[in-house]
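Please read them with the structure open.

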2 protein chains.
Amino acid sequence: MTDSLPIRTTNAEVWRVNVRTQSIAREPTPESWQRLGGRGLTARILLDEVPAACEPLGPQNKLLFCPGLLVGHKLSSCDRISVGGKSPLTGGVKEANAGGTTGLQMSYLGIKALIIEEVPAQAGWWVLVLDKNGGHFEAADDLRGLGVHDSAGKLIERHGTKVAIALIGPGGEMKLAAAGIQNLDKERRPSRMAARGGLGAVMGSKGLKAIVFDAEGCAKPPIAHPEAFKEAQKRFTKAVLEHPQSAVYRDYGTAAVARLAYSFGALPTRNFSAGDFEKMEAISGETLRQTILERDGEGDPSHACMPGCTIRSSNVFPDVNGKCVVSPLEYETIALMGTNLGIGELDAIARLNMAADDIGIDTIEIGAALGVAAEAGLLQFGDWARALELLHEIRAGTPLGRILGSGATITGKVLGVEHVPAVKGQAMSGYEPRAIKGTGVTYATSPQGADHTAGLTIRDKVDHRDPKGQAALSRTKQINMAGYDSLGACIFSGFGFSLVPDVIAALLNARYDWNVGTDILQVLGREALKIEREFNRQAGFTPAHDRLPEYMTREALPPLGPVFDVPEEDLDGVFNW
Amino acid sequence: MTDSLPIRTTNAEVWRVNVRTQSIAREPTPESWQRLGGRGLTARILLDEVPAACEPLGPQNKLLFCPGLLVGHKLSSCDRISVGGKSPLTGGVKEANAGGTTGLQMSYLGIKALIIEEVPAQAGWWVLVLDKNGGHFEAADDLRGLGVHDSAGKLIERHGTKVAIALIGPGGEMKLAAAGIQNLDKERRPSRMAARGGLGAVMGSKGLKAIVFDAEGCAKPPIAHPEAFKEAQKRFTKAVLEHPQSAVYRDYGTAAVARLAYSFGALPTRNFSAGDFEKMEAISGETLRQTILERDGEGDPSHACMPGCTIRSSNVFPDVNGKCVVSPLEYETIALMGTNLGIGELDAIARLNMAADDIGIDTIEIGAALGVAAEAGLLQFGDWARALELLHEIRAGTPLGRILGSGATITGKVLGVEHVPAVKGQAMSGYEPRAIKGTGVTYATSPQGADHTAGLTIRDKVDHRDPKGQAALSRTKQINMAGYDSLGACIFSGFGFSLVPDVIAALLNARYDWNVGTDILQVLGREALKIEREFNRQAGFTPAHDRLPEYMTREALPPLGPVFDVPEEDLDGVFNW
């Protein structure tokens with residue numbers, strides 16, 4: 001359908017929604033925001049409009065949706081949105097991005113930034129519907145307490161199959177700090193989560209169960225120089241297809257990294273108490289692919305989450321009868337809800353994944369919280385049935401469920417566990433920082449809290465256990481990733497861009513009639529990081545917060561025995577560029 | 001007994017206990033620590049020896065016991081100890097002080113500072129016994145899980161009636177962030193709690209159920225100029241007895257302030273949602289005194305917690321049959337576990353108080369946590385039986401109990417409640433900061449977190465709702481209180497000192513052969529605050545943390561309608577002296 005859309009001639013605007021007055025205003029994009037997009041724009045708006053010391057679930061926080069700069073033309077895996085706000089999990093700046101179809105529909109609607117303000121005047125749940133005429137609120141009391149999947153089904157029934165939807169589950173309704181915001185993939189599964197940092201709780205605090213983006217009757221965003229754009233797009237797509245890593249991720253998905261992490265002794269195991277796991281092969285990317293292929297039915301080892309993506313690193317995991325259990329089953333979930341809990345069965349991990357998805361909570365944060373709970377004796381490592389029970393506790397909102405749903409750090413505090421793998425209140429993902437020290441630097445220093453997508457170093461050809469040079473490596477990665485997140489580009493599109501680095505400038509110049517240089521990725525990345533750091537500074541963050549948990553600096557990680565020993569001076573110098 | 005003690009000729013030493021190796025070393029007091037005591041000394045040791053960013057319940061934190069500079073000679077209400085460490089509740093510097101008999105016994109043992117280091121090599125519970133020969137560890141597995149009262153009874157049976165004991169209850173064993181450390185009063189009730197900031201959890205992390213201080217065969221600390229000391233002591237005692245406030249507190253205890261707070265619309269009511277309470281008269285100091293007097297038996301409206309105290313602001317609250325329910329019943333408990341929960345019956349509050357005492361948890365923090373829980377719907381305001389049930393949950397260590405036992409801030413985060421009356425993670429006490437703005441400045445800016453004892457302003461003759469001048473008033477109070485806390489002087493001895501301010505220097509000069517000036521109180525206070533602020537800076541605190549909860553700056557407090565509007569510049573200037 002969208003290929004036949006006309007081209008819009010007007011610039012994208014800022015849509016400002018006040019949930020207290022239920023009013024919607026469209027405003028021209030301010031000059032200083034125009035050259036920003038995605039992560040960089042969420043950071044800028046936060047710093048410009050949200051008091052950094054505000055209560056994250058109070059009326060002064062804002063929830064932001066910003067498509068990346070390249071969104072709108074089905075460039076391969078470049079149609080992602082950034083969701084932003086002050087994080088209830090970290091107390092600092094937060095950007096969580098997601099694929100799916102929301103970015104495209106926002107760009108067709110001509111939304112440069114959606115800014116959701118205030119808290120409702122009275123308790124209740126609403127669906128915000130945005131369309132060519134502006135938008136309106138619909139009562140959503142019938143969706144209250146429903147899982148993400150049932151909610152999406154009802155909304156699609158009501159609004160048709162062409163809309164995009166961003167929505168929360170019971171986790172966001174309960175304002176749990178591990179709650180994320182789900183988005184529809186191209187098959188309309190609500191499976192693409194802006195997961196990290198609790199932005200689902202912020203959406204819950206705004207009384208919004210869902211936002212429907214209906215681009216019916218709208219137009220594609222304009223391209224200043226269509227021929228130049230087309231030429232650059234061709235070069236980019238060719239590079240993506242040619243990069244050897246693209247084929248790896250197409251075949252094995254992100255789970256390809258399990259063997260690699262294991263080989264470095266960096267596979268988080270039993271609440272980050274070891275870096276290897278005896279059942280690694282059972283959860284590897286290779287086994288994952290084989291399992292999907294062996295089972296007939298709805299399974300798919302290589303699935304695209306966004307229209308136009310040629311990498312297709314996502315997947316659809318079926319049960320033994322071929323029925324879809326969850327999509328996608330990603331490495332970080334396999335690590336955090338699998339190896340980290342001593343669970344070595346993909347079928348079990350898939351069920352845990354689906355349960356968490358339906359509640360609308362971050363599988364990384366919850367997996368880490370369950371690992372901490374296991375250390376506290378609330379489940380035996382390996383007991384996936386008990387882990388599933390604990391997810392049911394979260395869904396039911398019991399006191400124990402609310403503890404876990406508040407994330408790993410709170411879980412550790414409440415249960416009296418010192419071993420909490422988190423920084424700035426946000427849990428680490430599937431890379432042990434003692435064994436992959438560059439990623440440890442990223443965890444420690446990213447303004448986002450522990451987050452591998454902020455700058456992963458595991459694929460770089462360095463000695464990952466040597467503390468030397470890791471800060472510089474992390475710096476490069478963090479800058480690039482903040483750049484990609486501003487473009488709306490998936491981490492894997494970076495493979496393509498790395499082969500033809502000048503193509504980013506070519507695409508942006510053709511799209512916007514700009515004249516940016518070939519270092520635009522780094523320019524965008526550095527600016528985003530600088531703004532995020534300033535927001536965090538105003539929120540009360542200092543170098544003391546740019547540290548890994550103390551125990552990782554003194555307790556050696558089996559089997560290889562590293563501690564995290566990157567000097568504090570190196571950590572403090574990451575942002576001195 | 002103690003009056004017949006000989007005078008020691010040696011200086012007090014530093015006793016250093018390693019709970020991992022179970023070794024005890026006595027060291028001369030370093031030069032730079034000699035002129036410090038109590039709060040100032042705990043701050044100095046923390047800054048000198050504890051990495052500010054360390055994990056509070058890990059091996060790098062230390063638990064400190066330091067008698068104040070005037071301790072050891074039964075000056076009226078001047079024999080208090082300061083307990084110190086990095087707080088698991090606030091993540092910053094912590095000093096909590098207590099009366100009772102621990103200070104005297106420590107001074108007879110010649111302990112300038114007791115420094116408890118490391119964590120046990122294996123799980124288990126021990127009693128640390130300190131006596132004239134040094135000290136030793138005794139297994140305490142029989143005390144595990146016992147309440148403070150049963151534990152104290154067994155220890156007294158074992159070690160005799162003359163020892164002092166500092167001990168924790170189940171709260172400290174569970175490492176709950178609201179756990180305190182109880183000390184025996186002069187009737188050997190374990191009722192004098194170093195309550196605030198979770199130092200009971202730090203003691204629990206050290207594997208210590210109790211510390212027994214046995215001064216048998218020891219001597220009183222030396223006095224350089226006995227005649228001068230005696231003369232100064234006489235002047236001080238006379239002043240204490242003459243000050244009109246002393247009589248008020250002798251007759252009514254701290255509960256005298258209930259009517260005063262009510263008159264300013266500052267009585268915390270129903271989770272700090274109002275400043276008046278319709279049943280105020282039923283919980284006033286006057287009713288408290290009358291109730292105690294009317295009931296025969298063990299009750300006592302005017303009780304001294306330390307030998308030699310002439311103020312006797314403590315009390316013993318009996319039930320209708322005259323049997324002691326709790327001692328003391330203080331204003332802050334009446335406010336936080338009474339009015340703050342909508343409870344207007346002294347008998348009910350006394351039972352809640354006793355239950356919390358026996359678990360060994362801070363009644364202020366827990367009262368605030370229960371208020372937050374009430375707002376979350378877990379109890380109805382006024383339902384004291386349900387509040388008692390919730391205390392039983394804490395004791396049993398259920399998930400809900402652990403949430404509450406982790407304090408008001410964590411309770412709010414887990415239960416999704418924005419209205420949490422706390423600063424730096426520590427709950428406010430019985431003074432609404434919107435109505436008593438000087439105390440609000442203290443709550444906001446004290447390095448200790450919200451704490452009325454750090455600088456209470458309610459008795460000053462100012463317009464408490466006028467934001468002007470409150471920062472300067474708080475500054476003066478904070479300096480003086482940090483000074484009193486360094487002397488080991490109860491807040492009420494300050495009444496006496498205020499009439500004869502030069503007597504502090506006279507006492508110190510006579511005691512130590514010093515030559516300090518009459519501004520020594522302020523010199524000690526400023527130095528303590530400066531060191532505490534530096535520790536907090538290194539721990540990651542910034543001006544963003546020197547703020548009241550955001551809602552108090554925008555939601556007006558009934559019945560008089562104030563918001564907290566002291567300008568942020570004023571808050572940031574409190575420590576610019």
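1. Through how many residues does a hairpin join β7(B) to β8(B)? Two residues link these strands. Strands and helices here are DSSP runs, numbered from the N terminus: helices are H or I with at least four residues, strands are E with at least two. Strand β7 (residues 126-131) of chain B runs antiparallel to strand β8 (residues 134-139) of chain B, and six bridges join them. Two strands count as paired if DSSP finds at least two bridges between them. Within this pair, B:V129 stands opposite B:H136.

2. A word on the basis. This is a predicted model: local features need pLDDT of at least 70, side-chain atom pairs count only at pLDDT 80 or more, and totals for chains, interfaces and linings use all residues. Residues are numbered from 1 along each chain as its sequence is written, while chains are lettered from A and ligands numbered from 1 in the order in which they are written.

3. Angles run from 0 to 180 degrees between N-to-C directions, and axes are lines fitted to C-alpha atoms, for helices over the stretch in contact. Further in, strand β9 (residues 164-167) of chain B pairs with strand β12 (residues 208-213) of chain B in the antiparallel sense, over four bridges. There, B:I165 stands opposite B:V212.

4. Now look at β1 of chain B. Strand β1 (residues 13-18) of chain B runs parallel to strand β6 (residues 111-117) of chain B, joined by six bridges. B:W15 has B:L114 as its bridge partner in β6(B). β1(B) also pairs with strand β2 (residues 23-28) of chain B, this time antiparallel and over six bridges. In that pairing, B:E13 is partnered by B:P28. β1(B) and β2(B) form a hairpin with four residues between them. In the turn, B:Q22 has a positive phi of about 50 degrees.

5. Chain A overall. It holds 23 helices and 17 strands. Its C-alpha atoms fill a box of roughly 60 × 55 × 50 Å along the principal axes. With 577 residues, a compact globule would have a radius of gyration near 25 Å; chain A has 22 Å, which agrees. The radius is taken over C-alpha atoms, and the globule rule is 2.2 Å times the number of residues to the power 0.38.

6. Domains of chain A. The assignment gives domain 1 (2-213) and domain 2 (235-572); such bounds come from an automatic or database domain assignment. The C-alpha centres of domain 1 and domain 2 of chain A lie 23 Å apart. Across the boundary, 62 residues of domain 1 of chain A are in contact with 59 residues of domain 2 of chain A. Contact means C-beta atoms, placed from the backbone, within 7 Å. The largest share of the domain 1 side, seven residues, comes from α2(A). By class, the domain 1 side has 25 nonpolar, 25 polar and twelve charged residues. Ala, Val, Leu, Ile, Met, Phe, Trp, Tyr, Cys and Pro count as nonpolar, Asp, Glu, Lys and Arg as charged, and the others, Gly among them, as polar.

7. One helix pair deserves a look. α2(A) packs against helix α18 (residues 470-487) of chain A at about 90 degrees, with axes 4 Å apart. That makes α2(A) roughly perpendicular to α18(A), a label for angles of 65 to 115 degrees. A:G38, A:R39 and A:G40 in α2(A) meet A:A482, A:D485, A:S486 and A:L487 in α18(A).

8. Finally, the chain interface. 29 residues of chain B are in contact with 29 residues of chain A. On the chain B side, the elements giving two or more residues are α15 (399-405), α16 (408-415) and α21 (520-539) of chain B. That side divides into 14 nonpolar, eight polar and seven charged residues.

Definitions and conventions: Two residues are in contact if their C-beta atoms, placed from the backbone, lie within 7 Å. Angles under 35 degrees count as roughly parallel, over 145 as roughly antiparallel, 65 to 115 as roughly perpendicular and the rest as oblique.
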